[in-house]
Amino acid sequence: MSERDGQQHGGQQRGGRPGDRTGGPRAGRPARDRQDGPRRSATGHERNRRAQAERSFSASAPGRRTRRADPARLAAFETLRAVSEEGAYGNLVLPRAIRAHRLDRRDAGFATELAYGALRWQGTWDAVLARCVDRPLADLDGAVLDALRLGVHQLLAMRVPDHAALDQTVGLVRAVIGAGPGGLVNAVLRKVAAKDLQEWLAELTEDVADDAARLGLRHAHPAWEVRALRQALVAHGRDAAELEALLEADNAAPVVNLVALPGVGDLAEALGTGAEPGTLVPGSALSSGGDLHRLASVREGGVRVQDAGSQLVARALLEAGHRPAEGERWLDLCAGPGGKAALLAAVAAGRGAHLTANEVAPHRAELVRQALRPVPAEAWTVRTGDGRTIAETLGGRPVEDAGWDRVLVDAPCTGLGALRRRPESRWRRTPRDLAELGPLQRGLLQAALDVTRPGGTVAYVTCSPHAAETLAVVQDVLAARDDAELVDALAPVRAAALPGALDGDRDPSRPWEGTAGPATVQLWPHVHGTDAMFLALLRKR
Ligand SMILES: C[S@@+](CC[C@H](N)C(=O)[O-])C[C@H]1O[C@@H](n2cnc3c(N)ncnc32)[C@H](O)[C@@H]1O
């Protein structure tokens, strides 16, 4: 398919809110305009005439809509089904579906925008659907509900003409689920199409008194996460007024960052094929998109996909205190799937250090081994086990002899700082996760300090800015022991970043407890263009 059903193609959506793209047909346009008037395109009128003919045909005989499922929409539908039914991760399922349906680059872009967009906006789209369906959404067949979500996303958030969104969604339902629900889907999507996005958002929020709930509907976040992110901004010294910018950044498609493993990989191939040099961290690049496995350097593992914030906090551990000396022992306590471990191990190989990468889940430990494979084998070891039992590996030897000099605790967390990368995760998380993760995060940080040599450094990292899993964890662990102290994280982060990249408004630091003393670092998607990574550095006395 070379044309996307008359969609005025803009590639992957970047804006925070559907329809906000400059010149996009959705923004503020009266609903009736969308059905009327010819759609013009650079390719001429033929498509428009055909579209008009299809529209009148479909309107007069909806039961005779296509029974074929468009492969790009089918790939998106399969992704939503796997996410809803099997608890799968959309960003793992969709690339497989794209390959299985052999989508070309354009259709893959369409499927990606549709699947990820429908997953991100699920809460808001369900609120729209609840007003158009004559029964509770929970009573709908799950497959029909997922198809409706895809239909709503095309109607309200993509530049797909209404007739194509309706025809293709009904066709998908008839082809994949059966003829029965086609009428329901047709009728519901017609009601959805009667208003544009702004009209729907105004209707959904008009009686909502709670500010967080209103923002949640407008920006597709659960209300508790809106509250949590507002608190997190304030806790890390930023202005609560940045909240909407943060929520919008969560809805933008993230730029794909690449890293060349130092001394192992080389960015020349990526840069030669359209990637741009990174602006935050040395040795990084911004991908030009497409299938990265076309690059030999990515296939061989010397160049990896890794958020620039992740690269930065991992490198900052190596900038803390003195320059790493030959023979140092480094530990990554929670290493799976191995992104930061690969970076650390590559540096270790070049500096005569050694990295132990620990991971509790055996299948994730295997991913760590794969990630480390391009790095010389003498520079790393993988241990599969609970990080809280890492002291067992000392075998009774004193920590001064057998402990580690630099330890990374990239703790399991809610991932509230990486919502843009995991489109469905915002709807899966609950406040209970915070309560459950708290003891584990504290236990891992305690265990890390137990096995750190005197004078050594522990980096406590999360991809969440929530104060309960960042500042509170560090505070509690420091309060419980007298052999560790917080040290400044800003200077090491600055040293690890490109010169000037974190100056001025982009300073990510917050003085500890309102003092002029050591700072913790919190990166933000809307400020730094990274995941919201947190870093605290602790020194063992
Ligand atoms: C945030 S991820 C780490 C990401 C990794 N550092 C990277 O850059 O690819 C947290 C990891 O901790 C692991 N984990 C959870 N509980 C653990 C435990 N008790 N001990 C060690 N690892 C644990 C999870 O399986 C997960 O792989």
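1. Two strands count as paired here if DSSP finds at least two bridges between them. With that in hand, have a look at strand S5 in this predicted model: 3 bridges join S5 to strand S8 (residues 404-410), and the two run parallel. Within that pairing, leucine 331 stands opposite valine 407 of S8.

2. S5, which covers residues 329-332, also pairs with strand S6 (residues 354-359), in the parallel sense and over 4 bridges. Here the bridge partner of aspartate 332 is alanine 357 in S6. If you trace the chain, you will find that S5, helix H17 (residues 339-351) and S6 make a right-handed β-α-β unit.

3. Now for the ligand, which may be of interest to you. There are 18 residues around the ligand, and those that come nearest are Cys334, Gly336, Gly339, Gly387 and Asp410. H17 and S6 are the elements that give two or more residues to this shell. By class, the shell holds 6 nonpolar, 6 polar and 6 charged residues.

4. Cysteine 463 sits in the loop between strand S9 (452-462) and helix H22 (471-479). Is cysteine 463 buried or exposed? Cysteine 463 counts as buried because 27 other C-beta atoms lie within 10 Å, and the cut-off for buried is 20 or more.

5. As for the neighbours of cysteine 463, leaving out residues up to four places away in sequence, this residue touches Cys413, Gly415, Gly417, Ala418, Asp531, Ala532 and Met533.

Note on methods
Residues numbered from 1 in each chain as written. Predicted model: local features only at pLDDT ≥ 70, side-chain atom pairs only at ≥ 80, totals over all residues. Right-handed = clockwise from strand over helix to strand, strands pointing away. Near = placed C-beta within 6 Å. Nonpolar A, V, L, I, M, F, W, Y, C, P; charged D, E, K, R; others polar. Buried ≥ 20, exposed ≤ 12 C-beta atoms within 10 Å, placed from the backbone. Contact = placed C-beta atoms within 7 Å.
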